[in-house]
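I opened this entry to look up charged pairs first, then strand pairing. My notes follow in the order I checked things.

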Amino acid sequence: MKAILALLAAGLIAQPAPVTAQEIMEIRNMDGSCSGLYRGPSPSGSEITKVTFVNNRTDLVWPAWINLAGFVSVVPEKIPPGGKYSTYTRVGYRWMMIDGSNWHCVQHITIEGETGTYMIQ
């Protein structure tokens, strides 16, 4: 019985972490430019809304949602220059845009109920 439990425990320890390449990061582990744009965790949001982020920059950007615990979750969809990314999110949630060339945070966005399109400058 002890051998079986030890084998099961070893299997649990050996399992890879469920986090993918788009890891959930703490702000202190990110580029220093991010702390200047960080406004804290997203508050509990109200209604769900569809938003579109439009990239007006010359470099691609990675959208990142700041979750309710304050961790930054980079979305696995990059937005090329002139490109768009649409998603559903909640009003009040906070997002950050990360420059794809140097991983500096370039813009903070708080989702508003009446705004459906956000320009990334």
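I counted salt bridges in this predicted model and came to 1 salt bridge. It took a side-chain nitrogen of Lys or Arg within 4 Å of a carboxyl oxygen of Asp or Glu to count. The pair is Arg57 with Asp99, and I read 2.7 Å between the closest N and O atoms. I then looked up where the partners sit.

Is Asp99 buried or exposed? I found a relative accessible area of 3%, so Asp99 is buried, the cut-off for buried being under 20%.

Next I turned to the sheet. I noted an open sheet of 3 strands, in the order E5-E2-E8, with mixed pairing. Strand E5 (84–90) and strand E8 (117–120) are the edge strands, and each pairs on one side only. From one strand to the next, the twist averages 30°.

I checked one pairing in detail. Strand E2 (residues 48–55) runs antiparallel to E5, and the two pair over 7 bridges. Ile48 stands opposite Arg90 in E5.

Last, I looked at Glu114. This residue lies in the loop between strand E7 (105–110) and E8. Its relative accessibility is 69%, so I logged Glu114 as exposed, since exposed means over 50%. How far apart are the C-alpha atoms of Glu114 and Thr49? I noted 9.2 Å, with the two residues 65 residues apart along the chain.

How values were computed. Residues numbered from 1 in each chain as written. Predicted model: local features only at pLDDT ≥ 70, side-chain atom pairs only at ≥ 80, totals over all residues. Heavy atoms only, no water. Pairing = 2+ DSSP bridges. Helix = DSSP H or I, 4+ residues; strand = E, 2+ residues; numbered from the N terminus. Axes fitted to C-alpha atoms, helices over the stretch in contact; angles between N-to-C directions. Buried < 20%, exposed > 50% of the residue type's maximum accessible area, 1.4 Å probe, protein only.
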